[in-house]
Amino acid sequence: SPAMLRDEKTEADFNRFLRCLDDVTTLLEGLKSPDPAVQEKAFAETEKRLREQEASGEEEEEGRTTVNRTRINTSVRAFPSEIKAGLSSDESFLAALEKDAKERAQRRKRNEQLANDLKEQGNEAFRKGDFALAIQRYTEGLEKLRDKQELYTNRAQAYLKLHEYEKAITDCEWALKCNKSCYKAYYLMMKAHMKLQHFTEVKQCLAEMLEIDPHKDHLLRDIAMEAELEERRVADEEAAEREVQAGNVAASSIQELLQRISSPDHDILYYTGGIRLLAEALKSRTEQTFFRTNNGFSILRNETVRGAFCAESRSAAEEELCVSLLLLWQAACAGNEENQRLLLAQPEVGAQLPELLSSGTAQIQRESLALIALYSESKSGRRLLLKQDLSRWLQILLAFIKSTDERADSAMNILSDLTEEESFQTQCRATFATGVLPLFTELLVCAGRLRQAALARGVGVLGSLCADVGLRAQLAQSRECWQACLQLLDGDPDASSPGYQQCVFAVLGLMMNLLLESNGTIQDFAVPISGRCLALLNHQDGRIVTRATGVLSRVLPASPSAVEDVVKGGVVKKMLKFLKAGGHLASSYAIMTLSICTKSCRRATEELLKRDKRLRVLLKLLESRDELLVGNAAFCLSQCLLLPGAASSLLGSDVVQLLLRQAGGDARRSSVQQNSAIALGRLCVAEPRHIHQLRKLNGLAILSSSMKYVHSS
């Protein structure tokens, strides 16, 4: 690896100065020490150093100062006269040091101002693209102030622009001597090492950057991936070159095939056959590298090939050529990130891919999907895809749900991969309202005539896209979307089929995501939504039951009428059943649903107390470690305690102890303490005999503080 410093003499001078600075600091501390012995020793050492400097005759120019150093000035030695004036030798020496330090501080201040002015001139030249002038100004600034880190990093950045990577590295090393935690210095050094293919040093720089700023872990992971891919590319090409030197037959055959395909004036079948042979020849990573290093991706320069690939409508022969091209690129790009990058760098490819997906030829669509899947299945491949315009891709790929073959599954695989990327979600906004929403509602309405497994995955994709607030708001506002979801939930002639049940499960998940929004459309549909979900509580699939309960917990707050309807329909009994069964997710949704119902419907509270007279279910939930469960259970309990006889039914239970623990605890959710305090207050107001237990547990102070919640509630 390259040496970390190119100028050993300068480095030695810099390090010698740093040691000298440390020694002077130690001496000054000794001279100021209250301990006479320490002071005398420091004074003797200082005198010794002054004599040594005089003997050596060493003088340094101010322009060579590399940091803000305070060198003992040997010319300031007027001790005899100062002693005559009544000053001790210690006092006169300190006075001389102070005078010298002030002079140096003033000179440094002037130099710092000059260095800053030159830095700004350099920055202006850099912004204008005059990197040579920028370097000159930064250099002049360093002549004024050699320890200014910004001048080193700025000059390193200018050197990078001029491809002078070794000089950039040297400047970064000097910047780190001024500031060992300089993130910018490590970043610029990493870029220079990357250009020089010093991959070990790149990794070292990244490690240092991560230690300095752990919050930039995501950015550094991307850079590390780029470095890894570049290192792999270099290794591949070196291995391929060794194979060529060894007389590898595949290398010469690939080169010959590419030359034949690039030659003009042949008929279309000639090129189709050559491309097929070439695709069959690419069986290993080394052969993929031969293809790349012999300009295989320039194949579209051939007019006949490019014409067939980019045609708006194709003859049968052109379709065959297009399919052959797609097969060739699959062979060249499978597992090869550099080849994937070079393929998408061809402008015609990125522009043509959505057109190929929309073509009326099943085989072209099939091979286009296979090629895109090579990209979508890896992080690096998705990054390459997302540099293209993908604004139409969601609509195009969703339309494949109408296909009756494997194209639908391939398209959903790609979409599932792409929806992981935030930038894809952003791109989808452009055509979402005008293209995607109408198509999606059409698919839901036609669910019975489609491949339902593929439709379920498509619904899941839309659910994942709800992570984008803008897309979720558009979906949640769409009356057509809600109507289509409800129509699917209404049932199917083959409602027991696995495919239909997958669709129901996916639609419920989508509805849960949409109900994170609050708008007039949701209020209008709250009653039919809650009615469908109440009916689904009897479904034999437990996953569907759990999600239906989740939808209820989110839609009921939008409509008091919906609450009344589900209470009349027996929702309290169902929720108690789920709470007794003990499934965590179902319990969370069930207790939230009960909280909503008991808050706005007295009938729900009465039924809850009727079905669980001693409120054992709620008391059990108060022992949970899940704060969401505890907070909602305490709320339901406080609502029940408004009913006559509820507080008395709890005599002899451990309700006081449970509520005290939660009201006086340190839960992160304030609703836990507040709801528990309200329940505790209502308990003791409704049945004063609980106060005796409260007193035994030393809980009167908590009860007193909880009364403000009781009054406000």
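A pocket here is an open set of grid points with protein on both sides within 12 Å along at least five of seven lines. In this predicted model, the largest pocket has a volume of about 760 Å³. Residues from domain 1 (147–231) and domain 2 (250–362) both line the largest pocket, so it lies between them. Salt bridges number 38.

**Largest pocket**
- The lining of the largest pocket holds 24 residues.
- Met-194, Lys-195, Glu-226, Glu-230 and Arg-341 lie nearest the pocket's centre.
- Helices H6 (149–161), H8 (183–195), H10 (217–245), H16 (337–344) and H19 (379–385) each give two or more residues to this lining.
- H8 gives the most, with six residues.
- By type, the lining residues are nine nonpolar, four polar and eleven charged.

**Salt-bridge pairs**
- Asp-490 pairs with Arg-532, with the closest N and O atoms 2.4 Å apart.
- Asp-490 sits in the loop between helix H25 (479–489) and helix H26 (498–514), and Arg-532 in helix H27 (520–536), so this pair ties together parts that are 42 residues apart in sequence.
- Asp-490 is exposed at 51% relative accessibility, while Arg-532 is partly exposed at 22%.
- Asp-405 bridges to Arg-407, with the closest N and O atoms 3.0 Å apart.
- Asp-405 is buried at 18% relative accessible area, and Arg-407 is buried at 14%.
- Lys-128 and Glu-124 form a salt bridge at 3.8 Å, N to O.
- Lys-128 is exposed at 65%, whereas Glu-124 is partly exposed at 34%.

**Salt-bridge network**
- Salt bridges link Glu-228, Arg-232, Asp-236, Arg-285 and Glu-337 in a network.

Definitions and conventions: Residues numbered from 1 in each chain as written. Predicted model: local features only at pLDDT ≥ 70, side-chain atom pairs only at ≥ 80, totals over all residues. Heavy atoms only, no water. 1 Å grid on protein atoms, 1.4 Å probe; cavity = no way out; pocket = protein on both sides within 12 Å on 5 of 7 lines; lining within 4 Å. Points joined across faces, edges and corners; volume = space filled by probe spheres on them. Helix = DSSP H or I, 4+ residues; strand = E, 2+ residues; numbered from the N terminus. Nonpolar A, V, L, I, M, F, W, Y, C, P; charged D, E, K, R; others polar. Domains from an automatic or database assignment. Salt bridge = Lys/Arg side-chain N within 4 Å of Asp/Glu carboxyl O. Buried < 20%, exposed > 50% of the residue type's maximum accessible area, 1.4 Å probe, protein only.
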